[in-house]
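Please look at the model first.

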Amino acid sequence: MVDDREVHLANQEVIIQEHGDWADIELHEVYQNQTAELQEAIYYFSLPESAVITGIWLGDTADKAQADAFQVAPRGAAQAVYREQTRVQKDPALVEQIGPRQYRLRVYPVHVC
């Protein structure tokens, strides 16, 4: 996950909407960069085989309407876009499936507080 000496998890909120035998789960997190330099946050997580990721939103507020839209792309193309956007210091995020149930989220940059 995030190196907590450099980037702190300042706030976390989980919203669960149950729908019988399945649920929508929304995770909202706020990170604070503790250094004088831009940092990349890398977050590893596992999901059940039946889980589906329906989106990721990045922004400076909790209002998803003001957040950058997400786009689904093949892994290689998504990685190329992520590398290019980090090079020009845009705010990309990349969610990759790295195993049968394992995922990695990369976010750059986590701005300096």
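Two salt bridges turn up when the whole structure is searched; the term stands for a side-chain nitrogen of Lys or Arg within 4 Å of a carboxyl oxygen of Asp or Glu. The model is predicted, so local features need pLDDT of at least 70 and side-chain atom pairs count only at pLDDT 80 or more, while totals for chains, interfaces and linings use all residues. Residues are numbered from 1 along each chain as its sequence is written, and side-chain values use heavy atoms, with hydrogens and water left out.

| Salt bridge | N to O distance |
|---|---|
| Arg106 and Glu40 | 3.1 Å |
| Glu96 and Arg104 | 2.7 Å |

The salt bridge between Arg106 and Glu40 links distant parts of the chain, with Arg106 in strand E5 (residues 102-110) and Glu40 in strand E3 (residues 39-46), 66 residues apart. Strands (E, at least two residues) and helices (H or I, at least four) are DSSP runs numbered from the N terminus. Arg106 counts as partly exposed because its relative accessibility is 21%, and Glu40 does so at 31%. In the other pair, Glu96 and Arg104 are both buried. Buried means under 20% relative accessible area, exposed over 50%, and partly exposed in between (1.4 Å probe, protein chains only).

Three strands make an open sheet in the order E3-E5-E4, paired antiparallel; strands pair if DSSP finds at least two bridges between them. E3 and strand E4 (93-97) are the edge strands, each pairing on one side only. On average, neighbouring strands of this sheet are turned by 15° against each other, direction ignored. Between the antiparallel strands E3 and E5 there are seven bridges. Gln39 has Val110 in E5 as its bridge partner. Helix H1 (residues 75-87) packs on the sheet and touches E3, E4 and E5; its direction makes about 155° with that of E4. Contact means heavy atoms within 4.5 Å, and angles run from 0 to 180 degrees between N-to-C directions of lines fitted to C-alpha atoms, for helices over the stretch in contact.

Elsewhere, a nonpolar surface patch consists of Val14, Ile16, Ile25 and Leu27, with about 390 Å² of accessible area together. Patch residues have over 30% relative accessible area and no salt bridge; like charges are joined within 9 Å, nonpolar side chains (Val, Leu, Ile, Met, Phe, Trp, Tyr) within 5 Å. Areas come from the Shrake-Rupley method with a 1.4 Å probe, and for residues only the protein chains shown count as cover. Strand E1 (7-19) and strand E2 (22-33) each supply at least two patch residues. Val14 lies in strand E1 and is partly exposed, at 48% relative accessible area.
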